[in-house]
Amino acid sequence: MAGKIGVLALQGDVSEHVTAFEDALGPDGEVSLFRDASDINRFDGIALPGGESTTIMRLIQKAGMFRPLQQYEGGIFATCAGMVLLASEVQDDSLFEPLGVMDMTVKRNAFGRQRESFEADIECAGLETPFHAVFIRAPVVTRVGYGTEVLASLPQGYVAIRHGLHMAFSFHPELGGDLRFHRLFLERLGL
Amino acid sequence: MDVVSAEQAVIAENAGAVAVMALERVPADIRKAGGVSRMADPTKIVEITEAVSIPVMAKVRIGHFVEAQVLQELGVDMIDESEVLTPADEEFHVDKKAFSVPFVCGARNLGEALRRINEGAAMIRTKGEAGTGNVVEAVRHMRAIQSEIRMLKGMDDQERAGYARKIEAPFELVLDVANRGRLPVVNFSAGGIATPSDAALMMQLGADGVFVGSGIFKSENPEKMAKAIVETVHHFNDPKVIAEVSRGLGEAMPGIDVHTLTPDERLQTRGW
């Protein structure tokens, strides 16, 4: 599939996202890193990696990317910290101002600290068999706005959601080689 | 970034650090204090974990698996089995596979890195010489690991098996490194990084990130230094950015020439 995906390369599991999208797109696709907003509009979709949301947001602001990311018209594939960035509101933290790209409330570290990180097979709407999901100091979505599709949830909250061209995950679909969510994302982008 | 209080942890978080190391003393002060250096007081660690949302690491003595059990119980996000503290076991490192919390360990060369990974380390940091503000040992160790990896890539499997025996590392891991062209876990650089240029140097030599220990809070203006080093690590290939952020930082931490250290004073030789 020809198609251009950009991976935000400020902090986090950048190379894992690159590999996953390279595999999902195949040899005709192009996956590049970006660290500023100058060329994001040439991408059909962008990935916001997992990492530390506080750190990534600070670097987004420093690089002048806050507005350009808000105004970006392609699809956004966000995992873990990326999900926090996309939210409109972060629970229990009024100081953190997310991008507000998706109307939803996110709770950070919803499962606890590192030692509470876990892997689980979860049922997901749109997938025939469960997805093996890796949760690392993961956030959850506690409220979604109108028009948001919930693809998967756990007792703590929603862990996979979709709105328009965007997809956001508490866990890390870029780890483990199961690219079904990547394909769903690319499909909606027409790739 | 190494921090010794909640205030310092908040400064590090605001600067853009991806994690903090909760300590009672930074390595430069551990070096000065001498004596036996141990895991930090749990009160200190809890104070720091409660102050920030980024992950908190803490150090245990090499081989001290009970200190590690305590840190896991306290909920730290990663344990550093560190040569900066006085080793508790001169024969065995902690069996890291027995823990659910991930570990980072120091290494000076590929063999040491792979032995730690085989014990269950989820992350490696080159040792450098902690608390000196002198980057020379960090450079030596990073170059050693990278050059060994490049050598492995050019060998056939028989030669790789021979090399695995020579560096006392499991053959499967040696093979894995040769195929990937890198360690199977992230490799950060540590021990002596004191300026933005030091940090960029280590990144350009192939580090996935850097640990800054005494370099932040022993400098004249920790807040500025912390921000400048974060900025540099994200733009490590861009001398323009490095030049810009290096302006007016004030004095970096006072340094020590590693050649003046006696063998006993060299922390990097702890562990094997």
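Q: Which residues does A:Q156 touch, not counting residues up to four places away in sequence?
A: In this predicted model, A:Q156 touches A:A110, A:F111 and A:V140. These count as contacts because heavy atoms come within 4.5 Å.

Q: Why is A:Q156 called partly exposed?
A: Its relative accessible area is 40%. Buried would need a value under 20% and exposed one over 50%, so A:Q156, at 40%, is partly exposed. As for its place, A:Q156 sits in the loop between strand 10 and strand 11 of chain A.

Q: What makes strand 10 and strand 11 of chain A a pair?
A: Five bridges join strand 10 (residues 149–154) to strand 11 of chain A. Pairing asks for at least two bridges, so with five of them the two strands pair. They run antiparallel, and A:E149 stands opposite A:R162 in strand 11 of chain A. Together the two strands form a hairpin with two residues between them.

Q: How do you know that strand 11 of chain A also pairs with strand 12 of chain A?
A: The same test works here: at least two bridges are needed, and four bridges join strand 11 to strand 12 (residues 166–169) of chain A, therefore they pair. This pairing is antiparallel too. A:A160 has A:F169, in strand 12 of chain A, as its bridge partner. These strands form a hairpin with two residues between them, and A:G164 in the turn has a positive phi of about 60°.

Q: Why is strand 11 of chain A called largely enclosed by the rest of the structure?
A: Strand 11 covers residues 157–163, and five of its seven residues are buried, so the strand is largely enclosed.

Q: Why is A:T54 called buried?
A: A:T54 has a relative accessible area of 11%. That is under the 20% cut-off, so A:T54 counts as buried. This residue lies in helix 2 (residues 53–62) of chain A.

Q: What makes the meeting of the side chains of A:T54 and B:S53 a polar contact?
A: The separation is 3.2 Å, and a polar contact asks for N or O atoms within 3.5 Å, so the pair qualifies. The side chain of A:T54 also makes a polar contact with the side chain of A:R108, at 3.3 Å. Leaving aside neighbours within four places in sequence, the contacts of A:T54 are A:F96, A:R108, B:E13, B:S53 and B:I54.

Q: How do you know that the side chains of A:R137 and B:D77 meet in a salt bridge?
A: The distance, N to O, is 3.1 Å. The limit is 4 Å between a side-chain nitrogen of Lys or Arg and a carboxyl oxygen of Asp or Glu, so this Arg and Asp pair passes. Across the interface of chain A and chain B the rule finds two salt bridges. There are also 12 residue pairs in polar contact, both at pLDDT 80 or more. The side of chain A that touches chain B divides into two nonpolar, five polar and eight charged residues.

Q: What area is buried between chain A and chain B?
A: The size of an interface is often given as the accessible area lost when the parts come together. Here that area is about 1600 Å², with 49% given by carbon and sulfur atoms. In residue terms, 15 residues of chain A are in contact with 22 residues of chain B.

Q: In what order do the eight strands of the open sheet in chain B run?
A: The order is 1-2-3-4-5-6-7-8, with parallel pairing. Strand 1 (2–3) and strand 8 (209–210) of chain B are the edge strands, as each pairs on one side only. Further in, three bridges join strand 2 (residues 20–22) to strand 3 (residues 56–61) of chain B, where B:A22 has B:A58 as its bridge partner. Four bridges join strand 5 (residues 103–107) to strand 6 of chain B, and B:V104 stands opposite B:M123.

Q: What makes B:T126 count as buried?
A: Its relative accessibility is 0%, which is under 20%, so B:T126 counts as buried. B:T126 belongs to strand 6 of chain B. Both faces of this strand (residues 123–126) are covered, with B:M123 and B:R125 buried on one side and B:I124 and B:T126 on the other. Beyond four places in sequence, the contacts of B:T126 include B:A107, B:H141, B:N187 and B:F188.

How values were computed: Residues numbered from 1 in each chain as written. Chains lettered and ligands numbered in written order. Predicted model: local features only at pLDDT ≥ 70, side-chain atom pairs only at ≥ 80, totals over all residues. Heavy atoms only, no water. Buried < 20%, exposed > 50% of the residue type's maximum accessible area, 1.4 Å probe, protein only. Polar contact = N/O pair within 3.5 Å; in protein donor to acceptor, adjacent residues only side chain to side chain. Buried area = accessible area lost by both parts, 1.4 Å probe. Nonpolar A, V, L, I, M, F, W, Y, C, P; charged D, E, K, R; others polar.
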